Amino acid sequence: QVKIVESGGGLVQTGGSLRLSCAASGIAVSSYSMSWYRQAPGNERKLVASISNPAGITNYADSLRDRFTIARDNDKNTVYIQMNSLKPEETAVYYCNAHRIIKFRPPFDCWGQGTQVTVSS
């Protein structure tokens with residue numbers, strides 16, 4: 001029933017920008033902690049940014065706070081990540097995650113399939 005679909009990835013030159021979208025169905029993004037992660041080939045998946053529920057408190061990985069911005073559009077049930085001044089080493093598959101823990105209920109943790117971001121000069 002739950003589906004998370006990332007989009008907006010592509011090829012961008014060094015220093016360029018991309019805005020990724022995470023469209024959710026079956027859940028309301030306003031009721032979950034939503035996060036962006038990225039994973040380069042052969043490397044571990046690492047947190048990029050997150051936004052909490054319900055307050056919308058944001059968190060960013062070190063060195064990304066000044067270039068990346070996570071946002072949530074509850075009406076569109078979509079989470080975005082605006083990525084500026086991209087670097088080649090940030091080439092990776094970017095994943096969207098929904099997470100929530102409720103007392104006396106099984107934890108919820110759901111991932112999308114990812115969208116490829118390639119930064120090249």
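Strands β9 and β10 (residues 108-111) are joined in the antiparallel sense by 4 bridges. Here two strands count as paired if DSSP finds at least two bridges between them. Strands themselves are DSSP runs of E, at least two residues long, numbered from the N terminus. Within this pair, A98 stands opposite C110 of β10.

Before I go on, a word on the model. It is predicted, with local features needing pLDDT of at least 70 and side-chain atom pairs counting only at pLDDT 80 or more, while totals for chains, interfaces and linings use all residues. Residues are numbered from 1 along each chain as its sequence is written, and side-chain values use heavy atoms, with hydrogens and water left out.

Back to β9. Which other strands pair with it? Strand β4 (residues 33-39) does, antiparallel, over 7 bridges. There, S35 has N97 of β9 as its bridge partner. Strand β11 (residues 115-120) is also antiparallel to β9, with 3 bridges, and A92 has V117 as its partner in β11. In general, strands of a sheet pair through backbone hydrogen bonds, either parallel or antiparallel.

Is β9 mostly covered or mostly open? Mostly covered: of the 9 residues in 92-100, 7 are buried. Buried means under 20% relative accessible area, exposed means over 50%, and partly exposed is in between, using a 1.4 Å probe and protein chains only.

Next, an open sheet. It has 4 strands in the order β1-β3-β8-β7, with antiparallel pairing. β1 (3-7) and β7 (68-73) are the edge strands, and each has a single partner, so one side of each is left without a neighbour in the sheet. From one strand to the next, the twist averages 15°; axes are lines fitted to C-alpha atoms, and angles run from 0 to 180 degrees between N-to-C directions. Strand β3 (residues 18-25) is joined to β1 by 5 bridges, and A23 of β3 is the bridge partner of V5.

Now side chains. R19 lies over the face of Y80, 3.9 Å from the ring centre. R100 has its charged end over the ring of Y32, at 4.1 Å from the centre.

On to the backbone. Most residues other than glycine have a negative phi, and most peptide bonds are trans. What is the peptide bond from N53 to P54? It is cis, with omega near -5°. P54 is in the loop between β5 (46-51) and β6 (58-60).

S63, not a glycine, has a positive phi of about 75°. S63 sits in the loop between β6 and β7 and is exposed, at 60% relative accessible area. S85 has a positive phi too, about 50°. S85 belongs to the loop between β8 (78-83) and β9, and its 38% relative accessibility makes it partly exposed.

Last, the largest pocket, with a volume of about 170 Å³. A pocket is an open set of points on a 1 Å grid over the protein atoms alone, where a 1.4 Å probe fits, with protein on both sides within 12 Å along at least five of seven lines; lining residues have an atom within 4 Å of a point. Grid points are joined across faces, edges and corners, and the volume is the space filled by probe spheres set on them. Of the 13 lining residues, R38, A40, E44, K46 and E89 are the closest to the centre. β4 and β5 each give at least two residues to this lining.

Terms used. A charge sits over a ring if NZ of Lys or CZ of Arg is within 6 Å of the ring centre and within 35 degrees of the ring normal.
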